[in-house]
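The structure comes first, then the description.

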Amino acid sequence: MARAAVQRRLTWRLAEVAAVIAETPRVRSLVLAVPDWPGHLAGQHVDVRLTAEDGYQAQRSYSISSAPDDEGRLTLTVERLEDGEVSPYLTDELRAGDELELRGPIGGYFVWQASGTDPILLVGGGSGVCPLMAMLRHRAARSSTVPARLLYSARDLGDVIYRPELDRLAAAGDGAEVTLTLTRARPPGWTGYGRRVDAEMLAEVAWPPERRPLTFVCGPTPFVELVAGSLVALGHDPGRIKTERFGPTGG
Amino acid sequence: MTFVSRGFRGRRRDRDAGGRLPPGQYVTRGFPVLSAGPTPHTPPAEWTFSITGEVDEPRRWTWDEFHALPMETVTRDIHCVTKWSKFDTVWKGVSVDVLLDGIDTAAEYVMAFSDGGYTTNLPLEDVTGGKAWVAFDFDDQPLEPQHGGPARLLVPHLYFWKSAKWVRGLRLMAEDAPGFWETYGYHMYGDPWREQRYSGD
């Protein structure tokens, strides 16, 4: 294992909400101004801590969806979980000008740096696309031409996060490809995939194992289990498949 | 407490946890999964458990030999660094005391190592004295691969990343060294009651 990570104390910082972007009916991106943000790598996350007037606190982790290249700005993309304690506050209550406590960046394994040269395969389920978006944004910001494929599973077109931006990235002609699959409902005339990700779809979309892609998979546990397991069965090196999972209890 | 999150009240359903919930944690009834890569599937016939490193005579058990060792069933609360805690989880396994019984070593630390390349470091005294097990049953069922089966380390008094999934052995070490997540900035010890999530906590 690489011994590359910088060991530094992670202190709580007060960020200011610069903007709230409605991505889908259930998903908001929080654009934060973070004084003295130490910088992050694409794929890392932060811990967010909420404090009530009587001192009660709740903490959760959220992926950073912005590229490391946006200086002093950090974007977190949050999906509202109906039974959640923290996410409904972040998506429904928080607005521009509010302050938010966070610390990070956290994690150093599920990361991609634009200095890489191997093709990348990104497979996201639902809001699992968020850390993958940080990688695509980082790639674009650095004008990287590393071949990149995103396979993104969403329930329907209205649930696709970052859709206009994904369309632009795919149209840029710099080696980035975006494949959507819509599992629940398709618009009239939809010619793309219309089912859950399976081994057959992965065989069609993924780089062949001989190209030794670096693969990042993020989504709910059954999604990640299926995708990672299928890729291994297709002949991909397990050591080059990095996974990040979140469960329905994330809150 | 100086900072207050405007408009946040919190659900507080975990308030009456009776002192069982470490700081910054919430209670879950599910069993979330976290791991860094694909789930390994090692068949029992190929599974062994080893004690290696700073020891005169390394030890090794096959799956069958391991299951002939004395077993315990323990009920413990577990705490994941990603903030969830789960109460009263029931495990069956072999105490690490049994595995290290009679071993002569000057080691003060162990590195647990697993299929898939995962490692995590612990002080020897945190895996001895009835504090750690190699568990292969969860809730009276064989441990599922996604939760670490066929066998995982169980060290419930530390954050759960120390309870290495797919564990295949313990390497005894004279000095501490970071394992997988510890290399990426997670805490070397990981006591949930002192909220030792990350390096420097």
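Two strands count as paired if DSSP finds at least two bridges between them. The model discussed here is predicted. In chain A, strand β1 (residues 13–24) and β6(A) meet this condition, pairing in the antiparallel sense over four bridges. Within β6(A), the residue opposite A:Ala15 is A:Leu100.

Both strands belong to an open sheet of six strands in chain A, with antiparallel pairing and the order β4-β3-β6-β1-β2-β5. β4 and β5 (73–79) of chain A stand at the edges with a single partner strand each, so one side of each has no neighbour in the sheet. From one strand to the next, the twist averages 40°.

The contact between the chains is summarised below.

| Item | Value |
|---|---|
| Residues in the contact | 51 residues from chain A, 42 residues from chain B |
| Area buried between chain A and chain B | about 4100 Å² |
| Share of that area from carbon and sulfur atoms | 51% |
| Salt bridges across the interface of chain A and chain B | five salt bridges |
| Polar contacts between chain A and chain B | 18 residue pairs (both at pLDDT 80 or more) |

On the side of chain A that touches chain B, the elements giving two or more residues are β3 (45–51), β4 (57–63), α1 (87–93), β6 (99–106), α5 (221–233) and β11 (241–246) of chain A. The residues of this side divide into 19 nonpolar, 13 polar and 19 charged. One salt bridge joins B:Arg6 and A:Asp98, with the closest N and O atoms 2.5 Å apart.

Methods:
Residues are numbered from 1 along each chain as its sequence is written. Chains are lettered from A and ligands numbered from 1 in the order in which they are written. This is a predicted model: local features need pLDDT of at least 70, side-chain atom pairs count only at pLDDT 80 or more; totals for chains, interfaces and linings use all residues. Side-chain values use heavy atoms; hydrogens and water are left out. Contact means heavy atoms within 4.5 Å. Buried area is the accessible area (1.4 Å probe) that two parts lose on being put together, summed over both. A salt bridge is a side-chain nitrogen of Lys or Arg within 4 Å of a carboxyl oxygen of Asp or Glu. A polar contact is a pair of N or O atoms within 3.5 Å; within protein, one must be able to donate a hydrogen and the other to accept it, and residues adjacent in sequence count only if both atoms are side-chain atoms. Ala, Val, Leu, Ile, Met, Phe, Trp, Tyr, Cys and Pro count as nonpolar, Asp, Glu, Lys and Arg as charged, and the others, Gly among them, as polar. Axes are lines fitted to C-alpha atoms, for helices over the stretch in contact, and angles run from 0 to 180 degrees between N-to-C directions.
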